Amino acid sequence: MVKASDGNIKNSQILGGFLKGSWLFFGVSVFSNLICTLCTTVLPLIISFTVDSVIGNETAEGFYASAAQLFGGVENLKANLWIPALIIAGIALVNGLFSYTNNYFNGCGNQTLVKNMRDGLFSHVQRLPLSRQIMTSTGDVIQRCTSDVWNLSNFISNQMVALLRIIITMVVSVMFMFTMNLTLAGVSLGLIAAITGVSFGFRVIMHKRFRECDEQEGVLSALAQENLTGVRVVRAFGREKYERDKFDRQNEYYTGLWVKTGKVTAGYWSSTEFFNTLQMLVIIVVGTLLCLDGRLTAGELIAFISYNALLVAPLRELGRIISQLSRASVALGRICEVIKAPSEDLGGYEGRLSGDIVFKNVTFGYGEKPVLDDISVTVPEGSTLGVIGGTGSGKSTFAAMLSRLYEPDGGAVYIGGRNIAEIPLATLRANIGLVMQEGYVYSRTVGENIGIAANEPTPEEIENAAKSACVHDNILGFAGGYDTAVGERGVTLSGGQRQRVAIARALMRDVPVLVFDDSLSAVDSRTDAAVRANLKSKFAGATVIIISHRINTVIDADNIIVLDGGKIVESGTGAQLVEKGGIFAEIYKKQTALPEELEGGAL
Ligand SMILES: Nc1ncnc2c1ncn2[C@@H]1O[C@H](COP(=O)(O)OP(=O)(O)O)[C@@H](O)[C@H]1O
Ligand SMILES: [Mg+2]
């Protein structure tokens, strides 16, 4: 069950959802930023007034006059020069205080946003169907949950607020510049417009470069991740050099991309630096001429130059913001791609299902080629089905169909007469104890690993399950018993122990259907037989599907199917199949001739 409507949601809506809870923080931060910006823009005015009317002899007019009146008039200020100094210090203090609240609340907003994004991504990734393209590269998923999240949140919290400050600074500065002198303001803005044009030109190139860098970072982290996961294989086969070279090549390519991006960025900074200095020079020359001409006062020129500087700095920043915008929009796209991918709808728990299983003409392929071809088999409640076949014959895929890890392309699977496509996944999976081939173990204690699927399991329940899976004695042999921590991916457990811990985990829940996908492949025949004997005595009512490549494991089953190339080539009881003299009989002959099997005495 997939939510088709998910695909129609807009990126902005997704972003809006992420921003829940951080609006207020950002609001306070923006307000504080406004105050800081006003403090910075009002300073040149005070300096200009002090130079012209307090130190010099220009008459204060309009706004200046009324402002001076607040402090006892210009004459009083002249007599007490410390007053303007104190005003400037007061403004600096207010600026400092609000700068603190700006940064603090910005940080709060940013972290809330990042947390929301991580939570959203993680919970969605958990529900993505296994068939999704996104699920095929762990490294790529990790990058989307880390780098992309960081790029986006950084843009929103830092650059957006900066953008607001820039706009305000620009509006206020331009306003004051025009009131001081039209000509000079015109010259200044004309040159600034030209510089902005250059910045925008760079934007296009940078966008392309950053996108490529981000994509290649994904490839690199996927490589590293895969390598770390498979580190044992790499060591065992002495493939270190090959892997290192492969990583080196990608690393070099990725580094090269950043160097190229660096070139563009350097070009951007140096050219804007040059033009900005040039612009400043022109303003000083023209401004001085205007001063000499008596059309501008010295104080106004100082204020004008300050405003011009206030304008130039944010304009350069604007270029940076624009390039960050490209990165952020790429990141948002990649994050939204995950969120928009239709997820599995788990539905609710509807109670216990019957153990009657019917596969009816089930056909399935991961790609074009069918892996299961017209599979039909009935497994009555409480009976045991053995599935045997060579590697790649489709056994694991057969098990995956039952838990609906993948949807069949044709035909259907029924449990208790109900098509499993209509049973909520939460109900279906809670009713099936599937033990996978790999026997995955989490980085927790052995006890927790066994009890993971149950609700508040008691130590007795965990021990009983471990006893049924014949792993209890092994666990007691560990230094910490059930509290022994199991390393990443269970590396401290042997293959057979890992498989039996996985079996114990499945046996914790009282389920009507148990599926063992080659789950005893790494244990000796004697333990294999003991686990099966336990199943028979303790889980007699359950329908059991035992998948194996080992004849002994399936021979006692009520019914056996032999898979070959995704087709059922033989079926019947063990005795019937041996009698028949087909593939099964042939494997039987070969395997029973093996000394280990004879010694195991499982037959
Ligand atoms: N996730 C997958 N994506 C693509 N092909 C797969 C996937 N899993 C298995 N296959 C292919 O499907 C075929 C059957 O695999 P599987 O069911 O695991 O066989 P078995 O368990 O009998 O060894 C194999 O050819 C295998 O390469
Ligand atoms: Mg398999």
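A: One term to start with: a residue is called buried when its relative accessible area is under 20%, exposed when it is over 50%, and partly exposed in between, using a 1.4 Å probe and protein chains only. This is a predicted model, where local features need pLDDT of at least 70, side-chain atom pairs count only at pLDDT 80 or more, and totals for chains, interfaces and linings use all residues; side-chain values use heavy atoms, without hydrogens or water. Residues are numbered from 1 along each chain as its sequence is written, while chains are lettered from A and ligands numbered from 1 in the order written.

Q: Is D518 buried or exposed?
A: D518 counts as buried, at 6% relative accessibility. D518 sits in the loop between β7 (513-517) and α18 (525-538). Those labels come from DSSP runs numbered from the N terminus: helices are H or I with at least four residues, strands are E with at least two.

Q: What is phi of D518?
A: Near 50°, which is a positive value in a residue other than glycine. Most residues other than glycine have a negative phi.

Q: And what about phi of E456?
A: Phi of E456 is also positive, near 40°, and E456 is not a glycine. E456 is in the loop between α14 and α15 (459-468). It is exposed, with a relative accessible area of 76%.

Q: Switching to the metal. What coordinates the magnesium ion (ligand 2)?
A: S396 through OG and Q437 through OE1, at 2.0 to 2.4 Å. Donors here are N, O and S atoms within 2.8 Å of the metal (3.2 Å for Na, K and Ca), and water is not among the atoms, so sites may look incomplete.

Q: Where in the fold do S396 and Q437 lie?
A: S396 is in helix α12 (residues 395-402), and Q437 is in the loop between β6 (432-435) and α14 (446-451), so the pair ties together parts that are 41 residues apart in sequence. S396 is partly exposed at 30% relative accessible area. Q437 is partly exposed too, at 33%.

Q: What else is in that loop between β6 and α14?
A: R444, for one. It is partly exposed, at 40% relative accessibility.

Q: Now ligand 1. Which residues are around it?
A: Y366, V371, G390, T391, G392, S393, G394, K395, S396, T397 and Y406. To be listed, a residue needs a heavy atom within 4 Å of the molecule.

Q: How many of that shell are nonpolar, polar or charged?
A: Three nonpolar, seven polar and one charged. Here Ala, Val, Leu, Ile, Met, Phe, Trp, Tyr, Cys and Pro count as nonpolar, Asp, Glu, Lys and Arg as charged, and the others, Gly among them, as polar.

Q: Which part of T397 lies 2.4 Å from an oxygen atom of ligand 1?
A: A polar side-chain atom. At G394, a backbone N or O atom is 3.1 Å from an oxygen atom of ligand 1. An N or O atom in the side chain of Y366 is 3.4 Å from a nitrogen atom of ligand 1. A polar contact is a pair of N or O atoms within 3.5 Å; within protein, one must be able to donate a hydrogen and the other to accept it, and residues adjacent in sequence count only if both atoms are side-chain atoms.

Q: How much of ligand 1 does the protein cover?
A: 59% of the 560 Å² of accessible area that ligand 1 has on its own. Accessible areas come from the Shrake-Rupley method with a 1.4 Å probe, and for residues only the protein chains shown count as cover.

Q: Next, helix α21. Which of its residues are buried?
A: In α21 (residues 583-592), they are F584, A585, Q591 and T592. They cover an arc of only 135° around the axis, which puts them on the same side of α21. The arc is taken from the directions from the helix axis to the C-beta atoms. K589 and K590 are exposed on the other side of α21.

Q: Where is A593?
A: In the loop between α21 and α22 (595-600). A593 counts as exposed, at 55% relative accessibility.

Q: Last one: which helix holds N33?
A: α2 (residues 23-55). N33 is buried, at 3% relative accessible area.
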